[in-house]
Amino acid sequence: MDTESSEEVDNLVIGLGAAGIATSKLLSLSNPNEINLAIDHHFEPGGCAGYFARGHPRRLFDVGATQLIEVEKNGLQYKLFNLGELHPENTLKSNKIDYISFHLTEYNLKLILNSNGEIKVTEGIIDENELKNLIKFFRFTNKNSKYLWGLLKRIPKFPMITKREIFENISMFLTLNIAAQIKIILTIFLKTSTIVSLFKIKKENIISHKIINSLLMDTAQTDMYNTPWIVGCMGLSILNKGIYRLDGGMRSYFKSMSSQISKRKMKIMYAQEVKEITHFDDGYFIKTLDRNKNQKNYVVKDNLFINSSVWNVINLFKEDPFLYNHKTFKKWKEKSSHARGWGALAIYGYFNDDLAYPKEPWYHQIFPLKNEETEINSPLYLSIYQKENESNIRCFTATIHIEIDSYKSNLKEKYLDQLKKRIENSINLEIVNCELATPITFEKYTLRNKGQVGGLIANFNNFLFRPTPSNIEHYNNKSKLYLIGDCVFPGQGVISSTVSGIIAWERATGHKFSRFLKGLY
């Protein structure tokens with residue numbers, strides 16, 4: 001361990017995904033007199049919610065996430081983005097997505113779910129009573145999610161690791177009225193399927209189950225039988241909460257955030273892959289390699305934030321006895337051995353929109369056609385970008401969940417042909433050009449172990465009963481290490497990962513996000 005020739009920093013953020021970019025921005029504001037550094041193995045920020053360019057002329061495509069929530073004025077993501085900025089009114093221009101369309105090809109049925117919970121049948125037939133019950137369920141979900149979204153903005157911490165955090169969470173709970181307190185208790189311990197059954201949506205109501213499970217797979221990466229209602233309620237209400245496609249895609253958020261950070265004299269280093277993390281008496285030692293295999297080492301004295309998954313992070317510590325034998329690391333190792341994340345197949349491409357589709361972005365969930373391969377027998381999530389100026393070109397990202405071990409590399413072209421056909425049959429447009437990303441692709445470019453692009457599945461075990469611990473205390477009683485991102489509370493998605501970064505920053509610095517929003521820093 002060569003600490004003498006290493007660059008010494010006070011705080012280091014590894015990975016500029018949603019969590020890492022949030023932590024970095026807050027550090028640049030709260031600790032301007034310290035040496036703060038962020039590194040990422042990509043050439044651009046964003047991680048699994050990042051972007052890349054293809055084609056002539058060059059067009060930007062979003063890797064995974066294509067929309068954001070909480071970017072409306074007073075939304076958490078909006079406030080974080082504009083924190084410390086002089087002209088917030090000129091930032092984060094976006095288009096709101098007001099509906100999600102569903103195409104259940106097996107039933108020749110097309111539906112539109114609006115943000116108010118109304119459902120319109122545009123093609124085919126569904127039982128009238130089933131439709132009424134489904135509408136009532138979504139209306140109830142939208143109404144009951146409002147206080148949950150409000151609580152998320154207050155940055156609750158779980159699992160609680162100090163008496164102060166216990167007190168803060170209890171104080172949050174006590175500020176609610178009795179009805180809301182009862183709802184919180186029920187939302188934590190009830191399954192989403194239990195709430196669904198209360199609306200007379202039975203197992204034989206296959207269409208309703210497919211729609212609900214498709215939305216849950218998109219937001220929580222599991223079904224109604226394994227999702228706590230607190231997760232399911234928020235996941236099923238995101239359309240009502242507000243889904244936005246940014247002008248310029250996810251690059252508009254991440255690239256702008258990285259520029260804000262750099263302007264505050266916090267350095268960002270790209271194309272730096274972390275190869276090893278070890279401890280020593282004064283903190284942590286980080287060994288990295290750039291794309292030319294040049295080694296660069298860092299010494300972290302105070303706080304180390306790692307925006308990664310449990311499957312990746314355990315491989316960085318295995319040479320260090322202290323970290324390897326730490327109780328938190330053992331829990332990470334246990335999680336990585338027993339819990340699995342989903343892989344993904346993603347199609348990136350474009351078509352000529354000669355029909356009367358809306359110029360604004362839209363979101364489409366397409367269910368499988370008959371005779372498709374078993375591995376891709378699940379909904380396809382098609383996100384179509386805004387129409388380009390003076391052009392009929394419409395770019396899109398289409399993703400589908402796939403079990404990592406079921407993916408067959410020799411069927412790659414067959415998967416592409418079948419998914420392409422599914423899209424074209426549903427929207428009645430011919431795809432001009434496209435390419436397929438597989439779990440192997442995601443592993444290569446995101447470094448996610450086996451291409452597991454999502455975090456831990458938001459079931460009862462991972463979310464409530466055995467949540468992933470997020471911090472390691474150094475024996476010097478000064479240096480701390482934090483795992484941030486979609487494998488720790490509050491879980492999946494850009495907004496949840498952002499909150500995990502805010503939580504780690506609050507724990508590390510002692511600051512409160514709510515006070516920063518009031519300018520008290």
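Here is a friendly conversation about some helices and one arginine in a predicted model.

Modeller: This model is predicted, so local features need pLDDT of at least 70 and side-chain atom pairs count only at pLDDT 80 or more, while totals for chains, interfaces and linings use all residues. Residues are numbered from 1 along each chain as its sequence is written, and side-chain values use heavy atoms, leaving out hydrogens and water.

Biologist: How many of the residues of helix 11 are buried?

Modeller: Helices here are DSSP runs of H or I with at least four residues, and strands are runs of E with at least two, numbered from the N terminus. Buried means under 20% relative accessible area with a 1.4 Å probe, protein chains only. The buried residues include Trp 311 and Phe 317, and helix 11 is mostly covered, the count being seven of its eight residues.

Biologist: Which strands are included in what covers the buried residues of helix 11?

Modeller: Contact means heavy atoms within 4.5 Å. Helix 12 (321-324) and helix 13 are part of the cover, and the strands included are strand 12 (273-280), strand 14 (295-307) and strand 21 (480-484).

Biologist: Are helix 11 and helix 13 parallel or oblique to each other?

Modeller: Axes are lines fitted to C-alpha atoms, for helices over the stretch in contact, and angles run from 0 to 180 degrees between N-to-C directions. The axes of helix 11 (residues 310-317) and helix 13 (residues 327-338) come within 9 Å and cross at roughly 130 degrees. Angles under 35 degrees count as roughly parallel, over 145 as roughly antiparallel, 65 to 115 as roughly perpendicular and the rest as oblique. The two helices are therefore oblique.

Biologist: How is helix 7 placed relative to helix 8?

Modeller: Ile 212, Leu 215, Leu 216 and Thr 219 of helix 7 meet Gly 232, Gly 235 and Leu 236 of helix 8. Helix 7 (residues 206-219) packs against helix 8 (residues 229-236) at about 100 degrees, with axes 9 Å apart. That makes helix 7 roughly perpendicular to helix 8.

Biologist: Which residue has a side chain joined to that of Arg 448 by a polar contact?

Modeller: Arg 448 sits in the loop between helix 15 (439-446) and helix 16 (460-465), and Arg 448 is buried, with a relative accessible area of 11%. A polar contact is a pair of N or O atoms within 3.5 Å; within protein, one must be able to donate a hydrogen and the other to accept it, and residues adjacent in sequence count only if both atoms are side-chain atoms. At 3.3 Å, the side-chain partner of Arg 448 is Asp 486.

Terms used. Buried means under 20% relative accessible area, exposed over 50%, partly exposed in between (1.4 Å probe, protein chains only).
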